[in-house]
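I opened a new notebook page for this structure.

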Amino acid sequence: MSTAKMTNKRATTRTEVLVLRVAIFVSEYIFQRYFCIVSYMSHELIKTVEIVVARYNESLEWLRALVNLPTAVLMPTPSRGQSTTPDPLLFANVHIIVYNKGDPSTLPAFITTDNSKTVEVISLPNVGREAHTYLYHMCNNLKQSSTSNQQADVVVFTQGNIADHLPTKSRIFDPEFTPENAHMYLLYLAASALMSDNGISENHAAHMCGGMSAHWHLKLADKWPLYDTGKTYGQWYEDMFQESFPRGPIRWYKNALFAAKQSVLENINGGVVERLLEDGSKHVATESAHFMERSWRLLLLANINGR
(Lines give C-alpha, C1' and ligand atoms only; values in the text may rest on other atoms or scores of the structure.)
Protein backbone atom coordinates (compact mmCIF):
# COMPACT_ATOMS: atom_id res chain seq x y z
CA MET A 1 0.00 0.00 0.00
CA SER A 2 1.31 3.44 -0.93
CA THR A 3 2.29 5.98 1.71
CA ALA A 4 -0.44 8.36 0.54
CA LYS A 5 -3.15 5.69 0.93
CA MET A 6 -1.92 4.75 4.41
CA THR A 7 -1.97 8.41 5.47
CA ASN A 8 -5.52 8.86 4.15
CA LYS A 9 -6.63 5.71 5.98
CA ARG A 10 -5.20 6.97 9.28
CA ALA A 11 -6.91 10.33 8.80
CA THR A 12 -10.22 8.62 8.08
CA THR A 13 -9.84 6.46 11.19
CA ARG A 14 -9.12 9.49 13.38
CA THR A 15 -12.16 11.29 11.98
CA GLU A 16 -14.40 8.28 12.62
CA VAL A 17 -13.14 8.03 16.21
CA LEU A 18 -13.79 11.75 16.78
CA VAL A 19 -17.30 11.48 15.34
CA LEU A 20 -17.99 8.44 17.51
CA ARG A 21 -16.82 10.23 20.66
CA VAL A 22 -19.02 13.24 19.88
CA ALA A 23 -21.99 10.95 19.26
CA ILE A 24 -21.44 9.17 22.59
CA PHE A 25 -21.13 12.49 24.42
CA VAL A 26 -24.36 13.85 22.90
CA SER A 27 -26.20 10.59 23.56
CA GLU A 28 -25.15 10.59 27.22
CA TYR A 29 -26.25 14.20 27.61
CA ILE A 30 -29.68 13.53 26.08
CA PHE A 31 -30.13 10.38 28.18
CA GLN A 32 -29.14 12.25 31.32
CA ARG A 33 -31.73 14.94 30.70
CA TYR A 34 -34.44 12.38 29.96
CA PHE A 35 -33.56 10.31 33.01
CA CYS A 36 -33.65 13.36 35.26
CA ILE A 37 -37.06 14.46 34.01
CA VAL A 38 -38.45 10.98 34.66
CA SER A 39 -36.81 10.97 38.10
CA TYR A 40 -38.29 14.35 38.95
CA MET A 41 -41.79 13.18 38.09
CA SER A 42 -41.63 10.79 41.04
CA HIS A 43 -41.33 13.75 43.44
CA GLU A 44 -44.21 15.89 44.68
CA LEU A 45 -44.42 19.35 43.16
CA ILE A 46 -42.84 21.86 45.50
CA LYS A 47 -45.33 24.46 46.70
CA THR A 48 -43.41 26.86 48.89
CA VAL A 49 -39.79 27.93 49.23
CA GLU A 50 -38.60 30.04 52.14
CA ILE A 51 -35.48 32.21 51.84
CA VAL A 52 -33.69 33.02 55.12
CA VAL A 53 -31.39 36.05 54.72
CA ALA A 54 -28.75 36.88 57.34
CA ARG A 55 -28.23 40.63 56.97
CA TYR A 56 -26.13 43.29 58.69
CA ASN A 57 -25.98 46.44 56.54
CA GLU A 58 -25.51 44.82 53.13
CA SER A 59 -27.53 46.05 50.18
CA LEU A 60 -30.46 43.76 49.45
CA GLU A 61 -31.31 45.15 46.03
CA TRP A 62 -30.62 41.73 44.55
CA LEU A 63 -33.69 40.45 46.44
CA ARG A 64 -35.97 42.68 44.38
CA ALA A 65 -36.12 40.06 41.64
CA LEU A 66 -37.35 37.45 44.15
CA VAL A 67 -39.98 39.79 45.58
CA ASN A 68 -41.24 40.50 42.07
CA LEU A 69 -41.45 36.87 41.02
CA PRO A 70 -44.82 35.67 39.73
CA THR A 71 -46.90 33.29 41.84
CA ALA A 72 -45.32 30.31 40.10
CA VAL A 73 -41.81 30.07 38.65
CA LEU A 74 -40.64 27.56 36.05
CA MET A 75 -36.86 27.40 36.28
CA PRO A 76 -33.82 25.26 35.45
CA THR A 77 -32.87 22.91 38.26
CA PRO A 78 -30.09 20.43 38.96
CA SER A 79 -30.38 16.80 38.02
CA ARG A 80 -30.26 13.96 40.48
CA GLY A 81 -26.89 12.67 41.64
CA GLN A 82 -23.86 14.87 41.11
CA SER A 83 -24.91 16.21 37.71
CA THR A 84 -26.17 19.76 37.29
CA THR A 85 -27.94 19.48 33.94
CA PRO A 86 -30.92 21.89 33.99
CA ASP A 87 -34.44 20.44 34.02
CA PRO A 88 -37.70 22.34 34.55
CA LEU A 89 -39.29 22.53 38.00
CA LEU A 90 -42.16 24.63 39.31
CA PHE A 91 -41.86 26.88 42.38
CA ALA A 92 -44.71 28.74 43.99
CA ASN A 93 -45.20 31.17 46.88
CA VAL A 94 -41.66 32.33 47.60
CA HIS A 95 -41.46 33.71 51.15
CA ILE A 96 -38.47 35.72 52.35
CA ILE A 97 -37.40 36.30 55.95
CA VAL A 98 -34.75 38.98 56.42
CA TYR A 99 -33.08 38.75 59.82
CA ASN A 100 -31.68 42.23 60.22
CA LYS A 101 -28.77 42.90 62.60
CA GLY A 102 -27.91 46.33 61.23
CA ASP A 103 -29.55 49.71 60.76
CA PRO A 104 -33.21 49.18 59.77
CA SER A 105 -33.25 52.56 58.02
CA THR A 106 -30.85 51.16 55.40
CA LEU A 107 -33.30 48.46 54.32
CA PRO A 108 -34.58 49.09 50.77
CA ALA A 109 -38.07 50.51 50.48
CA PHE A 110 -39.39 47.60 48.42
CA ILE A 111 -38.83 45.36 51.47
CA THR A 112 -40.20 47.63 54.19
CA THR A 113 -43.29 48.57 52.14
CA ASP A 114 -44.01 45.09 50.79
CA ASN A 115 -47.82 44.85 50.66
CA SER A 116 -47.96 41.23 49.51
CA LYS A 117 -46.21 40.04 52.70
CA THR A 118 -43.63 38.24 50.57
CA VAL A 119 -40.94 39.66 52.87
CA GLU A 120 -40.84 39.49 56.65
CA VAL A 121 -38.22 41.49 58.58
CA ILE A 122 -37.09 40.34 62.03
CA SER A 123 -34.54 42.28 64.08
CA LEU A 124 -31.82 40.39 65.94
CA PRO A 125 -28.87 41.49 68.08
CA ASN A 126 -25.63 41.76 66.14
CA VAL A 127 -23.88 38.65 67.43
CA GLY A 128 -22.59 35.40 65.97
CA ARG A 129 -22.53 36.36 62.27
CA GLU A 130 -24.77 34.38 59.90
CA ALA A 131 -24.39 31.22 62.01
CA HIS A 132 -26.35 32.77 64.87
CA THR A 133 -29.08 33.86 62.43
CA TYR A 134 -29.48 30.43 60.87
CA LEU A 135 -29.50 28.71 64.27
CA TYR A 136 -32.08 31.19 65.58
CA HIS A 137 -34.33 30.37 62.63
CA MET A 138 -33.83 26.61 63.05
CA CYS A 139 -34.60 26.83 66.78
CA ASN A 140 -37.86 28.67 66.12
CA ASN A 141 -38.64 26.31 63.27
CA LEU A 142 -38.41 23.33 65.62
CA LYS A 143 -40.79 25.01 68.09
CA GLN A 144 -43.34 25.86 65.41
CA SER A 145 -43.24 22.69 63.30
CA SER A 146 -45.41 20.70 65.71
CA THR A 147 -48.20 23.31 65.75
CA SER A 148 -48.14 24.82 62.26
CA ASN A 149 -49.30 23.45 58.93
CA GLN A 150 -47.88 26.42 57.03
CA GLN A 151 -44.23 25.37 56.93
CA ALA A 152 -42.32 25.76 53.68
CA ASP A 153 -41.43 22.67 51.66
CA VAL A 154 -37.79 23.75 51.48
CA VAL A 155 -35.73 26.46 53.18
CA VAL A 156 -32.72 28.24 51.67
CA PHE A 157 -30.13 29.94 53.88
CA THR A 158 -28.10 32.83 52.49
CA GLN A 159 -25.92 35.73 53.57
CA GLY A 160 -26.90 39.31 52.81
CA ASN A 161 -24.09 40.00 50.34
CA ILE A 162 -24.72 37.17 47.93
CA ALA A 163 -22.45 38.58 45.20
CA ASP A 164 -19.40 37.53 47.23
CA HIS A 165 -20.69 34.00 47.75
CA LEU A 166 -21.77 32.76 44.34
CA PRO A 167 -20.07 29.62 42.96
CA THR A 168 -17.87 29.69 39.90
CA LYS A 169 -18.87 27.85 36.73
CA SER A 170 -16.75 24.68 36.64
CA ARG A 171 -18.35 22.48 33.97
CA ILE A 172 -19.64 23.26 30.50
CA PHE A 173 -23.29 22.43 31.28
CA ASP A 174 -23.34 24.06 34.73
CA PRO A 175 -25.55 27.15 34.89
CA GLU A 176 -23.67 30.39 35.39
CA PHE A 177 -24.74 32.65 38.23
CA THR A 178 -23.89 36.35 38.47
CA PRO A 179 -25.00 39.19 40.79
CA GLU A 180 -27.68 39.95 38.19
CA ASN A 181 -29.31 36.50 38.46
CA ALA A 182 -28.19 35.64 42.00
CA HIS A 183 -31.78 35.09 43.08
CA MET A 184 -31.97 32.13 40.70
CA TYR A 185 -29.07 30.47 42.49
CA LEU A 186 -31.16 30.37 45.68
CA LEU A 187 -33.99 28.66 43.83
CA TYR A 188 -31.38 26.37 42.29
CA LEU A 189 -30.27 25.33 45.78
CA ALA A 190 -33.90 24.76 46.75
CA ALA A 191 -34.33 22.48 43.75
CA SER A 192 -31.12 20.67 44.61
CA ALA A 193 -32.44 19.86 48.08
CA LEU A 194 -35.77 18.75 46.65
CA MET A 195 -34.17 16.42 44.13
CA SER A 196 -31.59 14.87 46.46
CA ASP A 197 -32.29 11.64 48.31
CA ASN A 198 -31.18 13.06 51.67
CA GLY A 199 -33.12 16.33 51.42
CA ILE A 200 -30.18 18.76 51.42
CA SER A 201 -28.53 20.70 48.62
CA GLU A 202 -25.30 19.21 47.34
CA ASN A 203 -25.52 18.82 43.60
CA HIS A 204 -23.59 21.83 42.35
CA ALA A 205 -19.96 21.09 41.54
CA ALA A 206 -18.80 24.26 43.30
CA HIS A 207 -21.28 23.95 46.15
CA MET A 208 -19.10 21.80 48.36
CA CYS A 209 -15.58 22.35 49.59
CA GLY A 210 -13.16 19.61 50.55
CA GLY A 211 -11.88 18.83 54.01
CA MET A 212 -8.51 20.56 53.79
CA SER A 213 -9.56 23.38 56.15
CA ALA A 214 -12.02 21.37 58.24
CA HIS A 215 -9.75 19.33 60.46
CA TRP A 216 -9.36 18.71 64.18
CA HIS A 217 -6.49 21.20 64.70
CA LEU A 218 -8.12 24.11 62.84
CA LYS A 219 -7.72 27.34 64.84
CA LEU A 220 -8.76 30.70 63.38
CA ALA A 221 -8.67 33.10 66.34
CA ASP A 222 -4.86 32.97 66.16
CA LYS A 223 -4.98 34.39 62.61
CA TRP A 224 -8.03 36.66 62.55
CA PRO A 225 -9.50 39.16 65.06
CA LEU A 226 -12.14 36.79 66.42
CA TYR A 227 -13.61 36.00 69.81
CA ASP A 228 -11.58 32.97 70.84
CA THR A 229 -13.46 29.81 71.73
CA GLY A 230 -10.34 28.55 73.46
CA LYS A 231 -10.65 25.32 71.49
CA THR A 232 -9.64 23.79 68.20
CA TYR A 233 -12.38 22.95 65.71
CA GLY A 234 -12.30 19.31 66.78
CA GLN A 235 -12.58 20.13 70.48
CA TRP A 236 -15.38 22.63 69.83
CA TYR A 237 -17.26 20.13 67.67
CA GLU A 238 -17.18 17.38 70.29
CA ASP A 239 -18.32 19.81 73.01
CA MET A 240 -21.20 21.16 70.93
CA PHE A 241 -22.38 18.00 69.14
CA GLN A 242 -21.62 15.60 72.00
CA GLU A 243 -20.15 13.05 69.62
CA SER A 244 -16.76 12.07 68.25
CA PHE A 245 -15.22 14.30 65.61
CA PRO A 246 -15.77 12.79 62.12
CA ARG A 247 -13.00 10.72 60.60
CA GLY A 248 -11.77 11.47 57.12
CA PRO A 249 -12.40 14.56 54.97
CA ILE A 250 -15.41 16.69 55.91
CA ARG A 251 -17.63 17.96 53.11
CA TRP A 252 -18.98 21.37 54.00
CA TYR A 253 -20.96 24.28 52.61
CA LYS A 254 -18.50 26.89 51.46
CA ASN A 255 -19.73 30.43 52.16
CA ALA A 256 -22.64 29.05 54.24
CA LEU A 257 -25.18 28.97 51.40
CA PHE A 258 -27.35 25.86 51.40
CA ALA A 259 -30.90 24.52 51.38
CA ALA A 260 -32.78 21.77 53.21
CA LYS A 261 -36.21 20.25 53.05
CA GLN A 262 -38.55 21.16 55.88
CA SER A 263 -38.68 17.48 56.83
CA VAL A 264 -34.92 17.55 57.44
CA LEU A 265 -35.08 20.72 59.56
CA GLU A 266 -37.88 19.27 61.67
CA ASN A 267 -35.69 16.34 62.64
CA ILE A 268 -32.43 17.99 63.59
CA ASN A 269 -31.35 17.64 67.20
CA GLY A 270 -33.01 20.46 69.15
CA GLY A 271 -30.59 20.16 72.07
CA VAL A 272 -27.60 20.59 69.78
CA VAL A 273 -29.19 23.59 68.04
CA GLU A 274 -29.89 25.33 71.35
CA ARG A 275 -26.34 24.65 72.56
CA LEU A 276 -24.89 26.04 69.32
CA LEU A 277 -27.18 29.09 69.48
CA GLU A 278 -26.07 29.91 73.01
CA ASP A 279 -22.43 29.47 72.05
CA GLY A 280 -22.83 31.72 69.01
CA SER A 281 -24.43 34.52 71.04
CA LYS A 282 -21.28 35.47 72.94
CA HIS A 283 -19.75 37.99 70.55
CA VAL A 284 -20.29 39.86 67.28
CA ALA A 285 -17.33 38.09 65.63
CA THR A 286 -16.93 34.70 67.22
CA GLU A 287 -14.64 31.94 66.03
CA SER A 288 -17.47 29.47 66.45
CA ALA A 289 -19.30 30.98 63.45
CA HIS A 290 -16.44 29.83 61.21
CA PHE A 291 -16.48 26.42 62.86
CA MET A 292 -20.23 26.30 62.23
CA GLU A 293 -19.72 27.03 58.53
CA ARG A 294 -17.86 23.73 58.36
CA SER A 295 -20.54 21.91 60.34
CA TRP A 296 -23.91 22.72 58.73
CA ARG A 297 -23.99 19.61 56.58
CA LEU A 298 -23.04 17.44 59.57
CA LEU A 299 -25.86 18.99 61.62
CA LEU A 300 -28.45 18.44 58.89
CA LEU A 301 -27.40 14.85 58.20
CA ALA A 302 -27.03 13.75 61.84
CA ASN A 303 -30.57 12.40 62.12
CA ILE A 304 -30.48 10.82 58.66
CA ASN A 305 -27.24 9.03 59.48
CA GLY A 306 -28.55 7.89 62.84
CA ARG A 307 -26.13 9.88 64.94
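Is Lys219 buried or exposed? I looked it up in what is a predicted model. Lys219 is buried, with a relative accessible area of 15%. The cut-off for buried is under 20%.

**Entry 1: salt bridges**

I searched for salt bridges and found six in the structure. Side chains of opposite charge can pair when their charged atoms come close.

I checked Glu287 for burial: it has a relative accessible area of 0%, so it counts as buried. I also noted a network of salt bridges that links Lys219, Asp228 and Glu287.

Next I looked up Arg64. It forms a salt bridge with Glu61, with 3.0 Å separating the closest N and O atoms. Arg64 is partly exposed at 35% relative accessibility. Glu61 is partly exposed too, at 39%.

Then I turned to Glu293, which forms a salt bridge with Arg294. Here the closest N and O atoms are 3.9 Å apart. Glu293 is buried at 12%, and Arg294 is buried at 8%. Arg294 also lies over the face of Trp252, 4.5 Å from the ring centre.

**Entry 2: a polar contact**

Which side chain does the side chain of Gln262 contact? I found Asn141, at 2.9 Å. Gln262 is in helix α7 (residues 262-265). Its relative accessible area is 5%, so I logged Gln262 as buried.

**Entry 3: aromatic rings**

How many aromatic pairs does a search of the whole structure find? I noted 17. The rings of Tyr134 and Phe258 have centres 5.7 Å apart and planes at 85 degrees, so I wrote this pair down as edge-to-face. Tyr134 is in helix α4 (residues 129-144) and Phe258 in strand β9 (residues 258-261), 124 residues apart. Both have a relative accessible area of 0% and are buried.

Phe258 also pairs with Tyr253. This pair is stacked, at 4.9 Å centre to centre with 10 degrees between the planes. Tyr253 is buried at 0% relative accessibility.

Last, I listed one aromatic cluster: Trp216, Tyr233, Trp236, Tyr237, Phe241, Phe245 and Phe291.

Methods. Residues are numbered from 1 along each chain as its sequence is written. This is a predicted model: local features need pLDDT of at least 70, side-chain atom pairs count only at pLDDT 80 or more; totals for chains, interfaces and linings use all residues. Side-chain values use heavy atoms; hydrogens and water are left out. A salt bridge is a side-chain nitrogen of Lys or Arg within 4 Å of a carboxyl oxygen of Asp or Glu. Buried means under 20% relative accessible area, exposed over 50%, partly exposed in between (1.4 Å probe, protein chains only). Helices (H or I, at least four residues) and strands (E, at least two) are DSSP runs, numbered from the N terminus. A polar contact is a pair of N or O atoms within 3.5 Å; within protein, one must be able to donate a hydrogen and the other to accept it, and residues adjacent in sequence count only if both atoms are side-chain atoms. Rings of Phe, Tyr and Trp (its six-membered ring) pair if their centres lie within 6.5 Å; planes under 30 degrees apart count as stacked, over 60 as edge-to-face and the rest as tilted. A charge sits over a ring if NZ of Lys or CZ of Arg is within 6 Å of the ring centre and within 35 degrees of the ring normal.
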